[in-house]
Amino acid sequence: MKLIVGLGNPGKTYAHNRHNAGFRCLNYFARLHSIRFDHRQCRAKTVLAEVRGGKLLLAKPGTFMNLSGNSVACLVHKHDVPLSNLLVIYDDLDLPLGKIRLRQSGGSGGHKGMNSIVSALGSEGFPRIRVGIGRPPQAEEQSISEDAIVNYVLSDFSPHEEAIIKPVIAEVAEAIDCFLSQGIEAAMSKFN
């Protein structure tokens, strides 16, 4: 079984925030395959489905971002998912808006949700898709406070940014399909 996790914060207040790019990508992928999140387990909204001939569990942790690891580790252990079959999708400040990067493994890059997952799993050895949200404009000119970063990631995309991010969400869905059918290396080769 493969486990695909989108990261974000629960609730309508955060639905269109930059920090919820992972949720948005997973929601789009689910709609594309006529899948509805219909269960709750391990403090996550989940759905078990068959896609591309394989069993697939989609999950959106219902914890806040900084505690995502609790939910992800619970699902990995409960369903005995090898870490090579776990794919985590999340926003990344260090990638320009609209860029995506797939990796087979690696550090958290300071992302609090990924820090939580790496800590809970005791490993960095799982695939991920990073969705570029860029940095606040003032970050280019000077060092920027942690509060300003938090405010930025917890704010919605501007209409101009939304026009850039929408096609990227569709591209991530294609990358997930490629991961499912051909594996992470093929997906990296095609989408990086």
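## Helix H3 and its cover

The buried residues of H3 are covered by elements that include helix H2 (68-78), strand S5 (86-92) and S7. Here helices (H or I, at least four residues) and strands (E, at least two) are DSSP runs, numbered from the N terminus; contact means heavy atoms within 4.5 Å; and buried means under 20% relative accessible area, exposed over 50% and partly exposed in between, with a 1.4 Å probe and protein chains only. Helix H3 spans residues 112-121, and its buried residues are Gly113, Met114, Ser116, Ile117, Val118 and Leu121. Just after H3, Gly122 takes a positive phi of about 70°.

This is a predicted model, in which local features need pLDDT of at least 70 and side-chain atom pairs count only at pLDDT 80 or more, while totals for chains, interfaces and linings use all residues. Residues are numbered from 1 along each chain as its sequence is written, and side-chain values use heavy atoms, with hydrogens and water left out.

## The sheet

Seven strands form an open sheet of mixed pairing, in the order S2-S3-S4-S1-S5-S7-S6; two strands pair if DSSP finds at least two bridges between them. S2 and strand S6 (100-103) each have a single partner strand and stand at the edges, so one side of each is left without a neighbour in the sheet. From one strand to the next, the twist averages 25°, with axes taken as lines fitted to C-alpha atoms (for helices over the stretch in contact) and angles running from 0 to 180 degrees between N-to-C directions.

Strand S1 (residues 2-6) pairs with S5 in the parallel sense over four bridges. Within S5, Ile89 is the bridge partner of Gly6.

## Nonpolar cores

A nonpolar core is a set of buried Ala, Val, Leu, Ile, Met, Phe, Trp, Tyr and Cys residues joined through side-chain atoms within 4.5 Å. The largest such core has 37 residues, and those with the most contacts inside it are Ile4, Leu58, Ile89, Val172 and Ile176. Helix H5 (residues 159-182) gives the most to this core, contributing ten residues. Apart from it lies another core, of 21 residues, including Cys42, Ala44, Val88 and Leu121.

## Salt bridges

The whole structure holds five salt bridges, each defined as a side-chain nitrogen of Lys or Arg within 4 Å of a carboxyl oxygen of Asp or Glu. In one of them, Arg130 pairs with Asp92, the closest N and O atoms being 2.5 Å apart. This pair links distant parts of the chain, since Arg130 lies in strand S7 and Asp92 in strand S5, 38 residues apart. Arg130 is buried, at 18% relative accessible area, and Asp92 is also buried, at 11%.

Arg135 forms a salt bridge with Asp94, with 2.9 Å between the closest N and O atoms. Arg135 is partly exposed, at 36% relative accessibility, as is Asp94, at 47%. Lys112 and Glu146 meet through their side chains in a salt bridge of 3.2 Å, N to O. That pair joins helix H3 to helix H4 across 34 residues of chain.

## Two buried sites

Gln41, in strand S2 (residues 39-41), is buried, with a relative accessible area of 15%. Its side chain makes a polar contact of 3.2 Å with that of Lys78 and one of 2.9 Å with that of His79. A polar contact is a pair of N or O atoms within 3.5 Å; within protein, one must be able to donate a hydrogen and the other to accept it, and residues adjacent in sequence count only if both atoms are side-chain atoms.

Pro136 is found in the loop between strand S7 (128-132) and helix H4 (146-153) and is buried, at 1% relative accessible area. Not counting residues up to four places away in sequence, Pro136 touches Leu93, Ile144, Ile149 and Tyr152.
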